Amino acid sequence: MSALILALVAGAVVGLALGALGGGGSVLAVPALIYLLGFAPAAATTASLVIVTATSLTALYAHARAGNVRWKAGMLFAAAGLVPAAVAGAATAHLPQALLTAAFAAVAALAAARMLRPARAAAGHPQRAVRPARAARAGAGLGALTGLLGVGGGFLAVPALVTVLAFEMQAAVGTSLLVISANSLATRGATTAGADWAVIAPFTGAAILGAWDGKRLAAKVTGTLLKRTFALVLLAVAAFMLVDAFA
């Protein structure tokens, strides 16, 4: 199969995940770029940043039009995580990569397990006001985890918004895209010199189109089904990362 077809298929899957689930961009894009398209890890990370930034902004626009974004809480959540992410990111150079991968997989699995549990308390208060201090603490914690583990902004933001801040699933998906977009734009310092645009451009284009389809899909299914689907994808990603780290 040609690189162009692989890029289009992988991009569509990444976009569908971002549009429907509010996360999964880097976690899906980086392995696809490395294992399917032959990118080196560093080049895959840089390319993923370009792809996820463009796709997240597109999906954010679509969800904002539908009223699924809680702007004030989302911006506070994102801003609180920027400094912890930078500090934690500086610490990654001193830790074994296998340990970081295993830690991410464990956090993802725990988040998935928590999302699969019946959320009786949250179900009765889906639209309650979010306390700024609580949003800031959750955002700072997520920022530290994202900086330390390298990926997982969206995949960890949605569970945090659902389980810690009691967002309904549709609002968590839309607000997660705001967090991802802010984080991606804040970390666009990576150089794209020498990037393989013959692969990145179609990958990004397919991801943007997939994001619109994902948003439409999210509007047609219940929050409970969306939450369970997200949790199962999280578990699959956690299992894959554990196998890849210790194989």
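**Confidence**

The model is predicted. Its chain averages a pLDDT of 81. Of the residues, 89% score at least 70. Where pLDDT is low, the predicted coordinates should not be read in detail.

**Helices H1 and H2**

Two packed helices are described by the angle between their axes and the distance between the axes. For H1 and H2, the axes come within 9 Å. They cross at roughly 165°. An angle over 145 degrees counts as roughly antiparallel, so H1 is roughly antiparallel to H2. The crossing of the two helices is right-handed.

The table lists the residues that make the contact.

| Helix | Span | Contact residues |
|---|---|---|
| H1 | residues 3-21 | Leu-6, Ala-10, Val-14, Ala-17, Leu-18 |
| H2 | residues 25-36 | Gly-25, Leu-28, Ala-29, Ala-32, Leu-36 |

By class, the residues of this contact are nine nonpolar, one polar and no charged. Gly counts as polar.

**His-63**

His-63 sits in helix H3, which spans residues 41-65. Is His-63 buried or exposed? His-63 has a relative accessible area of 0%, so this residue is buried. Leaving aside residues up to four places away in sequence, His-63 touches Gly-19, Asn-68, Val-69, Val-173, Gly-174, Leu-177 and Lys-215. One of these, Gly-19, falls within the span of H1, residues 3-21.

Technical notes. Residues numbered from 1 in each chain as written. Predicted model: local features only at pLDDT ≥ 70, side-chain atom pairs only at ≥ 80, totals over all residues. Heavy atoms only, no water. pLDDT = per-residue confidence, 0-100. Axes fitted to C-alpha atoms, helices over the stretch in contact; angles between N-to-C directions. Helix = DSSP H or I, 4+ residues; strand = E, 2+ residues; numbered from the N terminus. Parallel < 35°, antiparallel > 145°, perpendicular 65-115°, else oblique. Left-handed = near helix turned anticlockwise from the far one by under 90°. Contact = heavy atoms within 4.5 Å. Buried < 20%, exposed > 50% of the residue type's maximum accessible area, 1.4 Å probe, protein only.
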